[in-house]
Amino acid sequence: MSIEQILQKTEEYLQIPSVVRFETPFISHLISDFEKLGYKTNYQTGILEISNKNLNPNTPTLAAHLDRHGLIKNNQNQFEYAAFNAKTFYGLPNSTRNIFQKAAKRYLGETVLAYNPNTGEILDSGDIDYFEFDELEQKLFYDVIGIDKNLPKNTPLMLKPTSSLILNNKISGQIDNTISIAVIYQLLKSGFDGTILLSCEEEIGNSYKYITNFLNSKNNSSTSKNKIICLDTTPFDNLAEINSGVVMLRTRDEFSKFDSNLNLELEQKLKQNNIPYNFKDKLIPNSKPLGKTELGRVILNSQFSGISIQIPTTNYHSNQETTSINALENYYKTLKLSIE
């Protein structure tokens, strides 16, 4: 098992800024990192393709997002929640008052690091002390104390990585979705011979556009058998699922049904290997929506089908998002089984 290497790579990746819409430093780091392994990289707007020079067309494509939450100094010299700012930038509908309040409270007391959006150079730091939201304008603002108020406009601010990723067999940090990319890196080191797609702006619901544009531009029905596996974290309110090491799958979301044959094949392998799993959509009460996922939109807008594999976490979208060593071990095993 290569869990130690995955954790080391997760810690490394968390040091590199990648706030939504300002992911360039992390993209540059990943290009260098994967090319050192001997893989080809190809960056197009919003999507980084990584592939083996001896690509096996029968291997499913793996997809994960590389953006994370943070702040931005906006054009009005305010420190704004970057995801909501990005939605405004693209003219996308924003969130409800309830979502605003949840998002706001996650970051109180956190230290943020302002960085050059092109190079990733850290420019200054400060601590989030206060927030307010403008429901009419659909914007969320923070007061950041101790930071240079003369930072250039459109300067992004990342959450400062936690001092310790591991504590009491728990993994805690801004691991969405850094941990999946670290797992992918380990899969490549182990000889994975398929295509990897790392996308930007998943946290504002834009990543599916970059993925589908890329897939449709290939226009090749033999590409990875038109199968894609999307990797991510999935939130829970308590530690039960995390401690049990369950792997989360889905049969569908609000947009599309997922690949039932791929799910069935994976189920059989998980049972044979005594890996606990569950289907997220089957845990959702009938009175509530099934949720919107990147994969559902990809299936709806391309010729691809696929499945979702997710690692359970608590403290969703925070700097203390938490999973367990047990869950990570099963997540990695499941991904290896899914591509065999």
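This is a predicted model: local features need pLDDT of at least 70, side-chain atom pairs count only at pLDDT 80 or more; totals for chains, interfaces and linings use all residues.
Cysteine pairing was examined first. A disulfide is a covalent bond between the sulfur atoms of two cysteines. The count of disulfides in the model is zero. The cut-off applied to a pair of cysteine sulfur atoms is 2.5 Å. Cys230 likewise takes part in no disulfide, its nearest cysteine sulfur being that of Cys200, 15 Å away. Cys200 has a relative accessible area of 2% and is therefore classed as buried. Cys230, at 4% relative accessibility, also counts as buried; the limit for this class is under 20%.

Aromatic contacts were considered next. A pair of aromatic rings is described by the distance of the centres and the angle of the planes. Seven aromatic pairs were counted. In one of them, the ring centres of Tyr81 and Tyr107 are 5.8 Å apart and the planes meet at 35°, so the arrangement is tilted. Tyr81 belongs to strand 5 (residues 79-81), whereas Tyr107 is located in the loop between helix 4 (97-106) and strand 6 (111-115); the contact therefore ties together parts separated by 26 residues in sequence. Tyr81 is buried, with a relative accessibility of 2%, and Tyr107 is buried at 2% as well.

Tyr107 also pairs with Tyr142. The centres of these two rings lie 6.5 Å apart and their planes are at 75°, so this pair is edge-to-face. Planes over 60 degrees apart fall into that class. The pair joins distant parts of the chain, with Tyr107 in the loop between helix 4 and strand 6 and Tyr142 in strand 8 (residues 139-145), 35 residues apart. Tyr142 is buried, its relative accessible area being 5%. A single aromatic cluster is formed by Tyr81, Phe84, Tyr107 and Tyr142.

Contacts between charged groups and rings were also identified. The charged end of Lys9 is placed over the ring of Tyr185, at 4.1 Å from the ring centre. For Lys280, the charged end sits over the ring of Phe236, and the distance to the ring centre is 5.4 Å.

In summary, the model contains zero disulfides and seven aromatic pairs. Tyr107 contributes to the tilted pair with Tyr81 and to the edge-to-face pair with Tyr142.

Note on methods: Residues are numbered from 1 along each chain as its sequence is written. Side-chain values use heavy atoms; hydrogens and water are left out. Buried means under 20% relative accessible area, exposed over 50%, partly exposed in between (1.4 Å probe, protein chains only). Rings of Phe, Tyr and Trp (its six-membered ring) pair if their centres lie within 6.5 Å; planes under 30 degrees apart count as stacked, over 60 as edge-to-face and the rest as tilted. Helices (H or I, at least four residues) and strands (E, at least two) are DSSP runs, numbered from the N terminus. A charge sits over a ring if NZ of Lys or CZ of Arg is within 6 Å of the ring centre and within 35 degrees of the ring normal.
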